[in-house]
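Visitor: I'm new here and would like a quick tour. Could you show me what we're looking at?

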Amino acid sequence: MPNLIRMPQLKDYDDYFEFVSDTKVAKARNAFSANTLRRLAQDESLRVKATVALNPNTPPDVLRELSTEMSMGVRRGVASNLSTPSDVLSHLAKHHYTLVRLAVAENLNTPTRSLIHLTADKDERVRVAAEARVAMFSPETLSELVDLTLCELDVLLDAPRAHRADIIRAFIGE
């Protein structure tokens, strides 16, 4: 006789909804299909939406839609996702929740100008995360960001990495 998967014993109505929610969260975490992720992004559960927001297979248009959710957890998931469009990350860099801005600062695909903006953030954790990213900019990235002469670029590259963000903000007038 084949092994049958046994359903957990659900004692009451709340247990049923928790089981369904956990199942949807697992599905959102492991989904590859854009259609499945689109459907799950419409779920009423914020846990499911936040998990969809974190899934690297979530299409950019779904991430854009999820970025407008009122839930900080969903927006933080969008800000953490490497597939999030750059304009959405730039918008979330100005979000009032610190943890959303921190996720933007840590996202490797955050636009350079948004990172520079975050180096002046009111929260120290956001500033430190953004400054660490800016300190690692290549000379090419730095020269694309601001119109520097070779002499100015040399000064910037010779400055301690910890001070690069301050110097760049001064150059671009932020």
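Guide: One term before we start: contact means heavy atoms within 4.5 Å. Helices (H or I, at least four residues) and strands (E, at least two) are DSSP runs, numbered from the N terminus. This is a predicted model, where local features need pLDDT of at least 70, side-chain atom pairs count only at pLDDT 80 or more, and totals for chains, interfaces and linings use all residues. Residues are numbered from 1 along each chain as its sequence is written, and side-chain values use heavy atoms, with hydrogens and water left out.

Visitor: What does the protein chain average in pLDDT?
Guide: pLDDT is the predictor's confidence in each residue, from 0 to 100. In the protein chain, 72% of the residues score at least 70. The chain's average pLDDT is 82.

Visitor: Which residues have a pLDDT below 50, with five contacts beyond near neighbours in sequence?
Guide: Where pLDDT is low, the predicted coordinates should not be read in detail. One stretch to treat that way stays under 50 and has two contacts beyond four places in sequence: residues 12–17. The one you ask about, with its five contacts, is residues 6–10.

Visitor: How many helices and strands are there in the protein chain?
Guide: Walk from the N terminus and the elements run α-α-α-α-α-α-α-α-α-α-α-α. The count for the chain is 12 helices and zero strands.

Visitor: How much of the protein chain is made up of buried residues?
Guide: Buried means under 20% relative accessible area, exposed over 50%, and partly exposed in between (1.4 Å probe, protein chains only). The chain has 174 residues, and the buried share of them is 41%.

Visitor: Why is H7 largely enclosed by the rest of the structure?
Guide: Its buried residues are Thr98, Val100, Arg101, Leu102, Ala103, Val104 and Ala105. They pack against helix H5 (72–80), helix H6 (86–92), helix H8 (112–118) and H9. H7 is largely enclosed because its buried residues number seven of the nine.

Visitor: Are H7 and H9 roughly parallel or roughly antiparallel?
Guide: Axes are lines fitted to C-alpha atoms, for helices over the stretch in contact, and angles run from 0 to 180 degrees between N-to-C directions. Angles under 35 degrees count as roughly parallel, over 145 as roughly antiparallel, 65 to 115 as roughly perpendicular and the rest as oblique. H7 and helix H9 (residues 124–135) pack at about 10 degrees, their axes 8 Å apart. That makes the pair roughly parallel.

Visitor: Is Thr119 buried or exposed?
Guide: Look in the loop between H8 and H9 for Thr119. Not counting residues up to four places away in sequence, Thr119 touches Arg127, Ala130, Glu131, Val134, Ala165 and Arg169. Its relative accessibility is 1%, so Thr119 counts as buried.

Visitor: What distance separates the C-alpha atoms of Ser33 and Asn57?
Guide: Ser33 sits in the loop between helix H1 (13–30) and helix H2 (34–41). At 31% relative accessibility, Ser33 counts as partly exposed. Ser33 and Asn57 are 24 residues apart along the chain, and their C-alpha atoms are separated by 7.5 Å.
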